[in-house]
Amino acid sequence: MKSDLDKLMERRGLDAIMVMGDEHDNPARAYLTNGAAVTGGYVLKKRGADPVMVVNGMEIEEAAASGLQVYSYYDFGWGELLQNTQGEQSEATVILWQRMLERIGVESGKIGVY
């Protein structure tokens, strides 16, 4: 049950979890997003807080159907990140992850990535 997530995270010593996925079935993402039909993006959950979603701007409406707080990549400066890293997506993605985690109040700690 979702109400057990914080206890499970605490038991595993996790300060937050990040679930990512693409257009393929992703049971963990579907569970956390109440079945929202998005084709990518992230779900982040800080222990003791509600999950949030970060998706492509074109999927904000569908993501909002989850009932979660929704952000787009551009809320985190994705375009600027790509420009500053000369299009190096891997490098830009690392900074994006940092910004997303900071937005939910996680600046350090143990993060479970799913």
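How many of the 114 residues of the chain count as buried? The figure is 39%, and keep in mind that this is a predicted model. The chain has 5 helices and 5 strands, and from the N terminus on they come in the order α-β-α-β-β-α-β-α-α-β.

**Overall build**

- The radius of gyration is 14 Å, close to the 13 Å from the globule rule for 114 residues, so the chain is as compact as a globular protein of that length.
- If you want rough dimensions, the C-alpha trace spans about 40 × 30 × 20 Å along its principal axes.
- Take the contacts with a separation of 6 or more: 48% of them come from residues 24 or more positions apart.

- Strand E3 covers residues 52–55, and both of its faces are covered.
- On one side sit Val52 and Val54, on the other Met53 and Val55, and all of these are buried.
- E2 and E3 run antiparallel and are joined by 3 bridges.
- These two strands make a hairpin, with 5 residues between them. In the turn, Gly48 has a positive phi of about 90 degrees.
- E3 also pairs with strand E4 (residues 69–72), this time in parallel, through 4 bridges.
- Val52 is a handy residue to look at here: it is the bridge partner of Leu44, and in E4 its bridge partner is Gln69.

**Lys45, a buried lysine**

- Lys45 belongs to strand E2.
- Is Lys45 buried or exposed? With a relative accessible area of 5%, it falls under the 20% cut-off, so Lys45 counts as buried.
- Its side chain reaches the backbone oxygen of Ala49 at 2.6 Å.
- Leaving out neighbours within four places in sequence, Lys45 is in contact with residues that include Leu5, Asp6, Met9, Asp15 and Ala16.
- Also among its contacts are Ile17, Pro51 and Ile104.

**Aromatic rings**

- The model has 4 aromatic pairs.
- What kind of pair do Tyr42 and Trp97 make? Their ring centres are 6.4 Å apart and their planes sit at 80 degrees, so the pair is edge-to-face.
- Tyr42 is in strand E2 (residues 42–46) and Trp97 in helix H5 (residues 89–103), so this pair ties together parts that lie 55 residues apart in sequence.
- Tyr71 and Phe76 form another edge-to-face pair, with 5.5 Å centre to centre and 70 degrees between the planes. Both Tyr71 and Phe76 are buried.
- Ring pairs also link Tyr42 and Trp97 with Tyr73 and Trp78 into a cluster.

**Where to look again**

- Strand E2 turns up under several headings: it holds Lys45, it holds Tyr42 of the ring pair with Trp97, and it is joined to E3 by 3 bridges.

Definitions and conventions:
Residues numbered from 1 in each chain as written. Heavy atoms only, no water. Phe/Tyr/Trp six-rings, centres within 6.5 Å; stacked < 30°, edge-to-face > 60°. Buried < 20%, exposed > 50% of the residue type's maximum accessible area, 1.4 Å probe, protein only. Pairing = 2+ DSSP bridges. Polar contact = N/O pair within 3.5 Å; in protein donor to acceptor, adjacent residues only side chain to side chain. Contact = heavy atoms within 4.5 Å. Rg over C-alpha atoms; globule rule 2.2 N^0.38 Å.
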